[in-house]
Amino acid sequence: MNVLCVGDVVGDAGLDFLCDNLPGLKRDLKADFLVVNGENADKTGTGLSRSAAETLLQYADVVTTGNHCYRRAGEELYLENECVLHPANFPVIQSEAGCCVVGTGRFGNVRIINLMGTAWMEPIDNPFARADELLNFGEAKYTIIDFHAESTAEKKALAFYLDGRVSAVFG
């Protein structure tokens with residue numbers, strides 16, 4: 001299975017560019033599954049609005065976010081659509097928030113986990129412990145983690161920590 005992960009889409013210009021070019025890119029790269037980080041896809045360039053999320057979902061299988069996830073939408077956006085994720089280690093009521101399992105047909109199920117780092121970011125729950133908890137969520141052949149973090153050392157540490165247990169870590 002070929003997975004395409006697209007980094008932070010910013011503002012109307014980024015959203016328009018993505019919508020115009022993604023079908024061709026997906027075709028050229030023979031991508032079977034697409035994850036887009038849309039945390040700044042709102043027209044203001046900060047946050048994810050409902051309309052931007054709906055636009056992204058016309059192209060992406062899953063939309064992930066980061067620390068700006070609540071700047072243009074509340075928790076209801078994430079509760080209403082299981083394929084729009086905010087970081088799973090944000091303090092939330094729903095224990096599976098920030099994680100979803102998507103069926104792909106011939107490739108089986110894909111688990112997507114959205115996490116956020118703690119270095120130079122808001123104080124939140126431990127992403128390593130939260131990853132451990134969510135690796136048991138649903139049944140999936142593949143697990144992909146979008147790790148929204150400032151520190152490359154923290155990103156590398158999580159990738160090493162999860163080595164052999166997940167299919168990919170990006171962010």
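1. R165 is partly exposed, with a relative accessible area of 40%; here buried means under 20% relative accessible area, exposed over 50%, and partly exposed in between (1.4 Å probe, protein chains only). R165 forms a salt bridge with D132, and the closest N and O atoms are 2.9 Å apart. A salt bridge is taken as a side-chain nitrogen of Lys or Arg within 4 Å of a carboxyl oxygen of Asp or Glu. The pair links distant parts of the chain, 33 residues apart: R165 is in the loop between α5 (152-162) and β7 (168-170), and D132 is in helix α4 (residues 127-134). D132 is partly exposed too, at a relative accessible area of 27%.

2. On the basis of this note: the model is predicted, local features need pLDDT of at least 70, side-chain atom pairs count only at pLDDT 80 or more, and totals for chains, interfaces and linings use all residues. Residues are numbered from 1 along each chain as its sequence is written, and side-chain values use heavy atoms, with hydrogens and water left out. Helices (H or I, at least four residues) and strands (E, at least two) are DSSP runs, numbered from the N terminus.

3. The structure holds six salt bridges. One of them joins the side chains of D32 and R106, at 3.7 Å from N to O. D32 lies in the loop between α1 (11-28) and β2 (33-37), and R106 in the loop between β4 (99-103) and β5 (109-116), so this pair ties together parts that are 74 residues apart in sequence. D32 counts as partly exposed, at 29% relative accessibility, whereas R106 counts as exposed, at 70%.

4. A further salt bridge is formed by D42 with R72, whose closest N and O atoms are 3.2 Å apart. The pair links distant parts of the chain, with D42 in the loop between β2 and α2 (50-56) and R72 in the loop between β3 (62-64) and α3 (75-80), 30 residues apart. D42 is buried, with a relative accessible area of 7%; R72 is partly exposed, at 41%.

5. Which residues of α5 are buried? They are E154, L158 and L162. Seen down the axis of α5, the buried residues fall within an arc of 60°, so they line one face of the helix; the arc is that of the directions from the helix axis to the C-beta atoms. An α-helix has 3.6 residues a turn, so residues three or four places apart point the same way. The buried residues of α5 pack against β5, α4, β6 (142-148) and β7, while the face turned away from the buried side carries the exposed residues T152, A153, K156 and F160.

6. At the start of α5, a side-chain oxygen of S151 comes to within 3.3 Å of the backbone nitrogen of A153. Just after α5, G164 has a positive phi of about 85°.

7. In α4, the buried residues are P127, R130, A131 and L134. They cover an arc of only 105° around the axis, which puts them on the same side of α4. The elements covering the buried residues of α4 include β4, β5, β6 and α5. At the start of α4, a side-chain oxygen of N126 comes to within 2.7 Å of the backbone nitrogen of F128.

8. N114 is in strand β5 and is buried, with a relative accessible area of 0%. Leaving aside neighbours within four places in sequence, N114 is in contact (heavy atoms within 4.5 Å) with T64, T65, L85, H86, P87, A88, G98 and D146.

Notes
Polar contact = N/O pair within 3.5 Å; in protein donor to acceptor, adjacent residues only side chain to side chain.
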